[in-house]
Amino acid sequence: MKILFVLNNFYTTGNGLASSARRTVAALREAGEEVRVLSGPNHNPDGPQPEYVLKDFYFPIFQPLILAHGYQFASTDTKVVEEAVRWADVVHMEEPFVLEIRTAKIARRLGKPMTGTYHLHPENIFYSLGMGGWRFPNQLMLKIWRDCCFNKWKYVQCPTQNVRDRLIANGFTSDLRVISNGLLPDECVRVPHENNPYVLICIGRLSGEKDPCTLLEAMKHSTHAKNVQLIFAGRGPQEKKVRRMAHKLYTDGVLSYDPVFDFFDRDGLRNLAAKADLAIHCATVEVEGLSIMEAMQQGAVPIIAQGPITGTHQFAIDERSWFNQKNAYELARKIDWWLDHPTELEAMRGAYVNEMKKYSIDRSVQELMKMFRDACAAE
C-alpha cells in the first residue's frame with residue numbers, strides 16, 4: 001500500500017504534531033508499508049528531505065509567533081502536489097490547513113481515498129492571539145475545518161475519546177476512529193534518588209493553553225513547596241513570564257530551590273522523567289499529550305488537568321492523578337497527598353508503566369493500517 005502523508009513541515013522541531021508524524025511514518029515503514037511525505041523542506045542541510053518538497057510560506061507580521069510555536073507553513077505547488085497524489089493509493093492529511101485543502105481537491109479529481117488525523121483544536125491557535133477562551137472564533141474555525149477538511153475525508157483518527165466526543169457533538173460525519181498517536185517501546189529506567197528535594201516536572205510548550213502558571217500558583221498552597229525542585233522542560237511564547245513568576249516564588253521564600261528551565265531532546269526527556277517523582281500536566285487544551293504519556297512510561301506518577309477540551313486526563317488511573325483545570329488549590333492538595341504517601345507513590349509507578357503499554361506505537365500502526373485499507377476498499 002502506497003501512503004502519502006501531507007503536512008506543512010515534517011521536520012520542524014519543538015512541534016508535537018511533526019514529531020508524532022515522523023514516528024508514525026517510521027513505524028509504518030518498519031511494518032512494510034511504502035510511505036512518502038509531501039511537506040515543506042528540512043532546514044537542516046545535512047538531514048533527509050521529504051520525497052515531495054514544497055517551498056516555505058512566510059506570513060507577514062505573524063511569522064515570529066508561528067516560529068515561536070515550532071511551526072512553519074508550506075506553499076502549495078500544484079505540479080508537486082499532483083505528482084505526489086498520483087503516486088499514492090491513499091492520501092493521509094495531518095492538518096486542516098490550506099495545503100491539505102488543495103491536496104484534497106486534487107485527490108478528489110484523481111479519485112484517491114483520503115484519511116486524516118485530528119491533531120489540534122482551534123484553541124491551540126487562538127490562545128496565541130489572546131482569544132483562546134473566545135467561543136465564537138474557535139467554534140467558527142472548528143466549523144470551517146469540519147466543512148472544508150474533515151467531512152471530506154472518509155476516515156479520521158481521533159487520538160483520544162475526548163476528541164471523538166467533541167467532533168461528534170459538532171457535526172463531524174466521517175468515520176471517527178479512536179487511535180492513539182502511540183508511544184515508542186522505551187524500557188523504564190528509573191533513577192533512584194533521595195527525596196531531598198522531590199523532583200516535579202512539567203513538560204510542554206510554555207504557552208497559555210499549556211497553563212504552566214497553575215503549577216506555580218499551586219506551590220503557594222503546597223505544604224511541601226520548600227522541598228520541591230520544579231523543572232520546566234520546554235520553550236514557548238510565555239517563557240519570560242513563566243520564568244519571572246517562578247523566580248519570584250524562589251526569591252519570596254515560597255520555594256527553596258530555584259525552578260529550572262531547559263529544552264531537552266527525546267533522550268533528555270526520558271532521563272528527566274526517569275528521576276521525577278511527579279509529572280504535572282496543566283494543559284487546558286490538549287488532544288492527547290504524548291509528552292506526559294512518555295513521562296508515565298518512565299514511572300513518573302502524573303497529576304493531569306481535567307477539562308472539556310483536554311483529552312489527557314483519560315490516562316489517569318484514578319482520581320488521585322487528576323484535578324479540575326486551573327484549580328491551583330486542588331492541584332496543591334493532590335501534590336501533597338502523593339508526597340505524603342511514598343508507599344502508594346512507589347506502587348503507582350509500576351501501574352503507570354504497565355498502563356502505557358496499551359498505547360504502543362505498534363498497536364497504533366496496526367489500527368492505522370486497517371483504517372487505510374478500509375478507505376481504499378470503500379473507494
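Visitor: Before we talk about helices crossing, what are the axes and angles here?

Guide: Axes are lines fitted to C-alpha atoms, for helices over the stretch in contact, and angles run from 0 to 180 degrees between N-to-C directions. One thing to keep in mind is that this is a predicted model.

Visitor: Good. At roughly what angle do helix 1 and helix 14 cross?

Guide: Helix 1 (residues 16-30) and helix 14 (residues 361-378) cross at roughly 80°, with axes that come within 10 Å. The two helices are therefore roughly perpendicular to each other.

Visitor: Which residues make the contact?

Guide: From helix 1 you have Arg-23, Thr-24, Ala-27 and Leu-28. Helix 14 brings Ile-361, Val-365, Leu-368, Met-369 and Phe-372. Sorted by class, that contact has 7 nonpolar, 1 polar and 1 charged residues.

Visitor: Switching to the sheet, what is the strand order?

Guide: The order is 3-2-1-6-7-8-9, in an open sheet of 7 strands with parallel pairing. Strand 3 (52-53) and strand 9 are at the edges with a single partner strand each, so one side of each has no neighbour in the sheet.

Visitor: And which strands do those two helices touch?

Guide: Helix 1 packs on the sheet against strand 1 (2-6) and strand 2 (34-39), and its direction makes about 155° with that of strand 2. Helix 14 also packs on the sheet, touching strand 1, strand 6 (90-93), strand 7, strand 8 and strand 9. Its direction makes about 165° with that of strand 8.

Visitor: Let's zoom in on strand 8. Which way do its residues point, and are they buried or exposed?

Guide: In strand 8 (residues 155-158), Tyr-155 and Gln-157 point one way, while Val-156 and Cys-158 point the other way. All of them are buried.

Visitor: How many bridges join strand 8 to strand 7, and how many to strand 9?

Guide: Strand 7 (residues 114-117) runs parallel to strand 8 and is joined to strand 8 by 3 bridges, with Thr-115 opposite Tyr-155. Strand 9 (residues 175-178) pairs with strand 8 in the parallel sense over 4 bridges; there, Leu-176 is the bridge partner of Val-156.

Terms used
Residues numbered from 1 in each chain as written. Predicted model: local features only at pLDDT ≥ 70, side-chain atom pairs only at ≥ 80, totals over all residues. Heavy atoms only, no water. Parallel < 35°, antiparallel > 145°, perpendicular 65-115°, else oblique. Contact = heavy atoms within 4.5 Å. Nonpolar A, V, L, I, M, F, W, Y, C, P; charged D, E, K, R; others polar. Buried < 20%, exposed > 50% of the residue type's maximum accessible area, 1.4 Å probe, protein only. Pairing = 2+ DSSP bridges.
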